[in-house]
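Please open the structure in your viewer and keep the selection tool at hand. The tour below goes from one selection to the next and says what is there.

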Amino acid sequence: MEANVKPAVLNPIVFRNTVGAELVDILEARGIKGYEELLKVEDLASKEKLSKSIHKKLSNILEDYSDIKEYLERFQADYLEEKERCQSSYALAKKNYTRLKKARQLMRGEFNDGYDILDDIMDFFGVNAEDEIFSASEKQAALFRKQNNVSVDPINLHVWLRRGELDFYSLSLPQYNEQALQKWIDNRDWLSNIDNPIYFKGLPNIFRSFGVALTLVPYLEKTVYGAVRWIDGHPLIEISDRNRDLATCWFTLFHELGHVIKHKNKEIYEGDINSTVSNNYEREANKFANTYLFNGDNLRKAVFNRKNGLEPMTANSLAQEFGVNPIFSAYWLRRAQYHPTLQPHISIDFTEAYQ
């Protein structure tokens, strides 16, 4: 390993002097030069044990060696005992790193003051021990499972949500202005940019003026489409690029906006969107998104009914019939599994901010 490459996990024993390194300090403090040649040994500082031969040569070099020998023997015994404990903690730390390393994808290089990458990951989470991360992850996963009927990776979910929190705290938001947010939604200026991924990625700057934190965070496996949380009176809307599809991102955004407008101070984690099995909150958020993006629910119903009736349809014909952008009719054709691979879509991803 190159000297300038930070290890994933550092064995804590490296912070302890070996008995050889301790002896080097003693010899150099006494001004003894060429001690490795005198002792007939190479790389004395790396030695974890001193042989009888080294002790014998030292007795000829140092007049008061009997006292020093006793000290070095105690030092050596303590080091070897500590090494055994360190090996155990090192093995556990490597296992923990394996569980937590996905966090590196979303750390943006902000956290690099740790002595190893695992230490940087703990800085990312703002904790002092890995167990704190695992405990908090399970609590978040429990809330997710309560709201959804899909599986979740607790660590990945915690990583993804933590990134949104960090992005929130990096903002200096004005007071939340619900009226201004609703006005932006109702003015529908965004409609002319529906098929523009660059515009979508610029939405966080627009939302910031309403006192709303919108964060766009790359999807992590077995997590969420989006989430809404409330921090210090501000809504935090976090959107993932799951499926890398612009229409999906628009629906997720407006679904979450439905929660913000209708369900103030409620934490929502979206394991699925537009699910047929949902609670009242989800139905209201779906209705909100359907109203603004699809002119109601008739498009969705038509797609599924016509598929069941074996009626041919295209994204363009549906878009014209229901007055929507073709990316939204294609979205529903894919949801209905109507020749999904043939349906057009506009790709979008949020990874560039994390390269």
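Begin by selecting Arg-334 in this predicted model and showing its surroundings: apart from residues up to four places away in sequence, Arg-334 touches Asp-245, Ala-247, Pro-340, Gln-343, Pro-344 and His-345. Arg-334 lies in helix H15, which covers residues 326-335, and it counts as buried because its relative accessible area of 17% is under 20%.

On the H11 side the contact is made by Leu-246, Ala-247, Thr-248, Trp-250 and Phe-251, while H15 contributes Ile-327, Phe-328, Tyr-331 and Arg-334. By type, the residues of this contact divide into 7 nonpolar, 1 polar and 1 charged.

Now move to strand E3, residues 234-240, where 7 of its 7 residues are buried. His-234, Leu-236, Glu-238 and Ser-240 point one way from the strand, whereas Pro-235, Ile-237 and Ile-239 point the other way.

Which strands pair with E3? Select strand E1, residues 213-217, which pairs with E3 in the parallel sense over 5 bridges, and find Val-217 opposite Ser-240. Then select strand E2, residues 226-231, which runs antiparallel to E3 and is joined to it by 6 bridges, with Gly-226 standing opposite Ile-239. Finally, stop at the hairpin that E2 and E3 form with 2 residues between them, where Asp-232 in the turn has a positive phi of about 55 degrees.

Notes: Residues are numbered from 1 along each chain as its sequence is written. This is a predicted model: local features need pLDDT of at least 70, side-chain atom pairs count only at pLDDT 80 or more; totals for chains, interfaces and linings use all residues. Side-chain values use heavy atoms; hydrogens and water are left out. Helices (H or I, at least four residues) and strands (E, at least two) are DSSP runs, numbered from the N terminus. Buried means under 20% relative accessible area, exposed over 50%, partly exposed in between (1.4 Å probe, protein chains only). Contact means heavy atoms within 4.5 Å. Ala, Val, Leu, Ile, Met, Phe, Trp, Tyr, Cys and Pro count as nonpolar, Asp, Glu, Lys and Arg as charged, and the others, Gly among them, as polar. Two strands pair if DSSP finds at least two bridges between them.
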